[in-house]
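This report describes the pockets and the ligand site of one protein model. Please look over the sequence and structure first.

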Amino acid sequence: MREYLRELNFGQGVDLSRASVNDQYLALARTVRHYLMVRWLETLRRQSEVQAKSVAYLSAEFLLGRQLDNALLAADLTDIVEEGLSGLGIDLDTLRQAEVEPGLGNGGLGRLAACFIDSLATMNVPSIGYGIRYEYGIFRQTFVDGWQVEKPDSWLTLGSPWEFPHPEMAVEVSFGGSVADWEDDDGTVRRRWTPGWSVLGVPYNYMVPGYGNGRVNTLRLWSARATRAFDLEIFNSGDYAQAVRAQTFAENISKVLYPEDSTPQGKELRLQQQYFFVACSLKDFVDQVLPKDFDLTNLPDRIHFQLNDTHPVIAIPELMRILVDEKKWSWDDAWSVVRQVFSYTCHTLLPEALEVWSVELLGRLLPRHLEIIYRINEEFLLGLRAAYPDDELRARRMSIVAEFPERGIRMAHLATVAGVKVNGVAALHSQLLRDKVLHDFAEYYPGKFTNVTNGITPRRFVRLSNPGLSGLITEAVGSDAWVSDLDRLRELEPLADDAEFRRRFREVKAANKRRLVQVLVERDGIELDPDTMFDVMVKRLHEYKRQTLKLLHVVTLYQQITTGALDVEDVTPRTFAFGAKAAPGYRMAKQIIGLINAVGRTVNADPAVQGRLTVAFPANYNVTLAETLIPAADLSEQISLAGKEASGTGNMKFMLNGALTIGTDDGANVEIRELVGDDNFFLFGLTEPEVAEVVESGYHPTSYYETNPHLRHALDLIASGAFSDGDRSVFEPVVSNLLHEDRFLVLADFQAYLDAQARVDAAYADPEAWTRSAILNVARGGFFSSDRSMRDYLDRVWHAHPVPPIS
Ligand code: RUG
C-alpha cells in the first residue's frame, strides 16, 4: 500500500483525505500497471531474443471492457489489494465502478478480438494486437420517450491509466495524389506514388496480461495526428486558422468508431481509418518490431497477420507496395511472400455485410493500391480462366473487381485470393461459406477453407463476472486450474445428479439475480423481482437476430392474459430483459427499440399482469452490464433466422453461466446443442435448408397472419395503437414490414417459438430438473473457451507455437 499512497501523492497530486474516487481509482490502476511493467518488459526482451513466429491480430475493433479487475486477476493481486485498501477505508468495488470501459467496438466482432488477445497472452503465444484508438468509442445509448438517442462516449475524459502513448514512435501514412512511371538507377521502370497528403499515427500501447503466467503481451492502437510538415507549410503561409483546421482534419481519422455492426456503410472516412491503421501497423512491424537486419524473404517464418473481417484487408496491397515500391522487389518475389503471411476470418453470411469499396473512392484515396489490386486480379483471373476455360460467368462472379451496381473492389475476394486460409467462425457458418457465400472459391482453392469456432475468455466471463459460480467450480474441481483449462468443467457433470450441489448452484444463481436487481435499480431505476424467471435477449439490434420474435411472444402472453384467454395463475412469472443498441442510421432497428420500450411501458403498468410479466430494457448495454446480466439469466434467447448468425458469442457466455438456451439451429447454437444434448436445449424453428426452400418457393408472411390467431391478435394489438396511446401510425412500419416483407421469416417461425416457450415453462416448473440441465450446460461448455479457439488457429492457420517464459 506504500506504492499506492505514493501514486496518490506523486501521481495524482492529492493526499488520501482529499482524493476523489477517480483519484483513488487512477492511483490504483497505476500501482497495478507498475507491478505488471516488469513482466511486460521481460516479455518484450524475451520476444526479441527468441525471434519466434508471432501472430499479429489486425482488427478495427477491440471491445476491451474494464481493465482493472482483469489486471488484478492476471497478477493475482485482488485479495491483497482489497485488504490493503480496506485498511485505508477504501472499498475496492467502488474503485472498480469508477472505471469507464473503453468501448472500442460494436459487439461480437470487437469483443471476440479482446477475448483472443487475452487467450494468446494466457497461452504464452508471442503476439500483438493492432487497431485504432478511437477517441469516441461506441455511442452511449439513452432513451427519450422510449426512442434511442445517441450520446458521444467520451471514455477518455477522466484519463485512461492503461495506455502508454509513444509520440516519438509515430509513423507517417499517406493518402491521395497520383502515380507515375519513373526510371530507377539501373534503368528499371517502376511506378512511383506521389501522395497528396499525410498524417501521423501515434502508437498507444496497452498491456495484455496473461492469466497467472507472468506474460504481458501488447495491444498497439493508433491515434491520428497532423504531420509537422503539414502544419509548418500552412503556418508559414500565415493562415493560422487553416493550419488548425488541418490538424482537426487529420485527427478526425481516429476520432470516432463507426457504429455499424454487420452492415458496412462504405464511407470515405471509414476507408481512411482502415488504411490508416494497417499502414501504421505494417510499418511498425517491419521497421520497429523486426530486427534491423531482418531478411524479409523470411517473413512467413516470423509472422502471420490475421485479418479480422474485411476491415484490415487493404493490408494486402499495402505489403505489396512496401516490397515492390519501397524495397524494390520483383512483383513475383513480393507476391510469393505476401501470399504466405495473411489469413482472413469472415464473420458474416449476409451478402450486404461483405465490404465493397467503390473504385472511384479507392482510386482517389489510394491510387497505387488500386493499381496493385488490379494486377493481383489480372493474374488471379488468368489462372482462373486457365482452370475453367469456358466459364466466363464464373470469372465475373469471382473477380476481385465487381462491375455492378458500380465498379467496386470486393475485399472478401481479395482476402480469399491472397490469404493462406479463410475461416468461418462456427461449424455451420464455415460450411455455408464453403457451400454458398464463397462457394466458387472453395472449389478453386479446396485446401484454403477451414473452420475455427469462436470462443470467449473464461477469465472475464466466468471467473470475474460470476464469483459465486467460480467458487463452486473451484471447490468441485479441487483447484482453480479450470480458469485456464476449461475442459476441466467436465468434472462437474456427475454433480448434476447431486442434490446438495444443485441446491448450492441454485443459490448462486439466485444471488446473481439479486445482484442484478440491485445494479439495475441504481443504474436505471428499474425494479425487478428476483423470484421470476430471467429471460434475457442481449445483442445488437438487427432484424436478422429477430428481437421482434421475442417481442411477439411477450405481446401474445399479454394479450392472452388481458383478454382472459389465459389464466394469469397459469403463467410462469417472467422478467423479459432486453439489451440492444441500434446503428444510428438503421431506421427499422430504432423503430423496434421504440416498440420494445412501448410494450414494456404498457405491460409494466398494467395491474392485470403484475407479478407475472415484466419487461426490462436498460439502456446502453455494454460489456460492463453484460458481466452482471449474463450470470443472472435463467434463459438465453438465441433466436436468429437459421443461416444468418455467423456464430454468436453471447450464446456461449450464457451457457457457461448456467442459463439454458432457447434457440434456432444457427451459428454456434448448433455446437452448443450437440454438446448439451436435446434434453438441455430448447430448439425450434426452420433449419437453414428449410429456410432456403421457403424463400425459393415464395414466402408469404400474410398467410401465417391469416391462419394463426395468436399471431393475428398480437400484430393487431400492436397495430391498434395499444402501445402508442391509440396512435396507429407509430409502429405501422414495423407491423407492415413483418406482414409484407419479413425478410427474416419471423412469422414463419412464430408458432414453433411459442411451442418451444411452452416447453421452457414446463421445464422451469421442475427446479431440480432445470438446475440439472443448467449444471450440464456449464459442465459441457469448456469447448467454448477462447483458449481452444486459439489452439485451433495455431494448428490450422498460424502454425505458430507458444513460447513459455523462463521461470
Ligand atoms: O454477427 C457476427 C457474430 O455472429 C459473431 O459471433 C461475431 C464474432 O465472430 O461477429 C459478428 N459480426 C459480424 N460483427 N460484425 C460482423 C460483420 O461482418
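## Pockets and ligand site

The lining of the largest pocket is made up of 14 nonpolar, 16 polar and 19 charged residues. Here Ala, Val, Leu, Ile, Met, Phe, Trp, Tyr, Cys and Pro count as nonpolar, Asp, Glu, Lys and Arg as charged, and the others, Gly among them, as polar. The model is predicted: local features need pLDDT of at least 70, side-chain atom pairs count only at pLDDT 80 or more, and totals for chains, interfaces and linings use all residues. Residues are numbered from 1 along each chain as its sequence is written, and side-chain values use heavy atoms, without hydrogens and water.

Domain 1 (51-66 + 101-454 + 792-798) and domain 2 (458-784) both contribute to the lining of the largest pocket, so this pocket lies between them; the domain bounds come from an automatic or database domain assignment. Helix 21 supplies the largest share of that lining, six residues.

The ligand is surrounded by 16 residues, each with a heavy atom within 4 Å of it. By class, this shell has five nonpolar, eight polar and three charged residues. The table gives polar contacts (pairs of N or O atoms within 3.5 Å).

| Residue atom | Distance to a ligand oxygen atom |
|---|---|
| Asp309, polar side-chain atom | 3.2 Å |
| His347, polar side-chain atom | 2.6 Å |
| Gly648, backbone N or O atom | 2.8 Å |

Note on methods: A polar contact is a pair of N or O atoms within 3.5 Å; within protein, one must be able to donate a hydrogen and the other to accept it, and residues adjacent in sequence count only if both atoms are side-chain atoms. Helices (H or I, at least four residues) and strands (E, at least two) are DSSP runs, numbered from the N terminus.
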